[in-house]
Amino acid sequence: MSATPLLELRGIDKSFGPVQVLRDVAFSAHAGEVTALVGDNGAGKSTLVKCISGIYPTDAGEFHFDGQPVSINSPRDAAALGIEVVYQDLALCDNLDIVQNMFLGREKRSGIVLDEPTMEQMAAETLAGLSVRTVKSLRQHVASLSGGQRQTVAIAKAVLWNSKLVILDEPTAALGVAQTAQVLELVRRLADNGLAVVLISHNMNDVFAVSDRIAALYLGQMVAQVKTTDITHSQVVELITAGRSGNLGLAAEPVSNGAGAAPADTTPGAVR
Amino acid sequence: MTTTVVKKEGPAAVAPTPTVGSHLNNYWRRVRGGDIGALPAVAMLLALCVGFSIARPSFFTAGNFANLFTQGAAVTLIAMGLVFVLLLGEIDLSAGFASGVCAAVLANVVTVLGYPWYVAVLAAVVTGVVIGTVLGLLVAKVGIPSFVVTLAGFLAFQGIVLMLMKEGANISVRDDTLVAIANRNLSPALGWALAAVAVAGYAAVQLLRHHNRAARGLLTDPIAVVVARIAGLAVILGAAVYVLNLERSRNVLVVSLKGVPIVVPIIALLLVAWTFVLQRTSYGRHVYAVGGNAEAARRAGISVDRIRVSVFVICSTMAAVGGIVAASRANSVDPNTGGSNVLLYAVGAAVIGGTSLFGGKGRVLDAVLGGAVVAVIDNGMGLMGYSSGVKYVVTGVVLLAAATIDALSRRRAAATGTR
């Protein structure tokens with residue numbers, strides 16, 4: 001699609017004490033595309049996301065947003081750039097309704113009084129823009145919503161603020177078949193609306209259903225970032241579990257990075 | 001109006017326009033789903049009033065009706081502050097004796113030191129703010145469970161009252177303005193005027209809101225429901241003012257006793273003000289959010305610690321107001337002011353009214369409704385001639401019953417997914 005990625009990371013290193021969690025990671029996300037971020041447990045997906053969203057500072061590496069070099073030092077910086085993260089636990093208040101949740105912490109006011117009609121209207125427009133028809137009333141408590149509806153509200157909350165990049169952390173992990181389909185449809189629509197979407201998932205069916213690109217992390221290294229159409233199901237699984245597949249990944253000539261990191265160097269951590 | 005279900009175009013039309021029937025239907029469904037709100041309190045209030053009226057005809061008199069307000073005022077005011085603490089799922093066991101400390105400060109400033117009444121009231125309220133700040137900081141910043149912090153406060157404040165009272169002597173409060181708060185009445189005309197202002201204000205707010213939402217194409221409650229609410233308030237206020245304006249002196253030649261007790265508009269004003277804060281400001285929204293899911297609130301950029309401190313400040317400040325009213329009613333302050341059953345009555349009032357002990361659910365109105373139930377029990381049992389031992393047991397059982405209803409409705413709500 002667009003020549004310059006919306007978000008581009010280069011050479012990201014991150015250690016927690018003696019443990020190096022991210023090693024020279026490069027990652028890019030394009031506007032209008034869904035980029036799936038895959039990897040086994042402990043591969044560094046969550047750490048990478050937390051670096052992007054400003055929760056963790058990085059040890060080394062550069063961020064480019066819209067072609068400009070930026071530094072993200074706090075969640076506030078990330079939000080100012082238009083980066084929103086939907087975490088796995090959604091962070092919704094059960095005792096508040098949909099509108100109240102979507103505007104939590106950023107309420108619209110006129111004077112000191114909450115401007116409920118404006119908030120309700122904006123919420124309705126956002127949900128309509130995402131073609132969400134599954135919620136009955138915007139004034140129902142989140143407690144009464146199904147898992148898929150909650151996920152929808154959390155995603156809509158992230159989209160409400162003219163965000164440009166939305167990161168979804170396993171949005172379908174706890175959902176049934178029908179609800180998973182709904183949420184994936186919504187993810188696809190976000191990208192079609194021009195947002196850059198990063199989807200973290202363990203589910204290969206989901207990944208192949210909606211993503212345009214797949215980025216695979218293996219033990220803290222980005223082993224491949226390729227178009228979804230250029231890769232097969234089993235190749236992705238090999239990348240996740242072994243860090244290489246055919247000429248992709250660590251063993252062959254490094255495709256993008258992971259320079260000099262032979263698989264033998266990393267095997268001590270890979271005995272599982 | 002009653003049969004047409006119009007599907008409007010536009011983003012807001014995610015649900016059909018509600019009719020009176022569907023409105024009632026929705027309400028009934030919420031109740032069945034465990035979102036019972038103030039229903040138990042209202043039912044209990046009606047049942048108690050009918051029961052006591054049959055058992056003791058003297059319960060059902062204008063004089064006793066007026067007594068209920070002055071008897072329940074202090075507990076109701078303390079309960080209004082407690083609602084904020086309970087909304088976060090915390091508890092303030094020291095609220096009773098905090099009101100005692102504030103009342104003792106009031107009495108010392110006005111009687112012993114001889115300052116005017118407004119200085120004394122200010123001193124009492126400031127004392128409340130200081131107490132609340134200390135408790136709140138200990139809970140939010142140090143991280144001690146509120147149960148322990150306020151239990152320690154409960155003991156310590158009891159001691160402070162004793163020290164302020166010079167080891168047990170009581171201090172009388174003779175200032176006319178202070179005594180008037182709980183012992184004098186508004187003139188009948190002023191009572192009617194205030195009731196009219198209240199109804200007109202409520203009607204204006206409700207109709208304006210309905211108009212604004214309709215103009216923007218948002219879902220509105222049916223206009224019939226809005227009008228019914230306004231009419232309901234008008235009937236209740238009208239009946240109350242009418243009864244309170246009846247002559248209740250036993251001997252009119254000696255002294256005439258009629259009108260709305262002054263403490264009633266004070267409670268009403270605070271009810272409106274705190275309800276506004278909770279329902280219509282972002283601060284109130286954040287209180288509910290922290291009570292519902294503190295982690296979500298934190299991620300939304302809300303300063304959870306600041307909210308936590310603030311609710312303890314509000315609670316202790318309202319306890320100070322309750323203490324002032326209690327001092328006014330007794331014409332004096334003694335070491336037991338704010339002690340014995342005051343705290344449990346106040347917690348009971350909030351919970352009976354429908355405020356959850358688990359946090360996230362409750363309204364200031366709950367404190368007033370629950371306070372009325374507690375006042376009726378206390379007053380009715382007194383008229384029946386039961387000993388205070390029986391009164392304690394019954395009030396304890398009622399508190400337990402309210403907490404049981406809270407826990408059960410919560411479980412039902414979890415099962416049906418409405419809360």
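Buried means under 20% relative accessible area, exposed over 50%, and partly exposed in between (1.4 Å probe, protein chains only). The views below show a predicted model, in which local features need pLDDT of at least 70, side-chain atom pairs count only at pLDDT 80 or more, and totals for chains, interfaces and linings use all residues. Residues are numbered from 1 along each chain as its sequence is written, chains are lettered from A and ligands numbered from 1 in the order in which they are written, and side-chain values use heavy atoms, with hydrogens and water left out.

**View 1. Arg10(A) and its salt bridges.** A salt bridge is a side-chain nitrogen of Lys or Arg within 4 Å of a carboxyl oxygen of Asp or Glu. Arg10(A) is partly exposed, at 38% relative accessibility. Glu8(A) pairs with Arg10(A), with 3.5 Å between the closest N and O atoms. Arg10(A) also meets Glu62(A) in a salt bridge, 3.5 Å from N to O. Arg10(A) sits in strand 1 (residues 7-16) of chain A and Glu62(A) in strand 4 (residues 60-65) of chain A, so this pair ties together parts 52 residues apart in sequence. Helices (H or I, at least four residues) and strands (E, at least two) are DSSP runs, numbered from the N terminus. Glu62(A) is partly exposed too, at 40%.

**View 2. Where chain B meets chain A.** Contact means heavy atoms within 4.5 Å. Here 28 residues come from chain B and 30 residues from chain A. The count between the two chains is 2 salt bridges. One joins Arg285(B) to Glu116(A), the closest N and O atoms being 2.7 Å apart. Helix 11 of chain B gives the largest share of the chain B side, 7 residues.

**View 3. A pair within helix 12 of chain B.** Arg299(B) forms a salt bridge with Glu295(B), at 3.1 Å between the closest N and O atoms. Both lie in helix 12 of chain B, 4 residues apart, about one turn of the helix. Arg299(B) is partly exposed at 34%, and Glu295(B) is partly exposed at 32%.

View 4. A disulfide is a pair of cysteine sulfur atoms within 2.5 Å. The whole structure has 0 disulfides over all chains. For Cys102(B), the nearest cysteine sulfur belongs to Cys315(B), 11 Å away. Cys102(B) is buried, with a relative accessible area of 0%. Cys93(A) is buried, with a relative accessible area of 0%.
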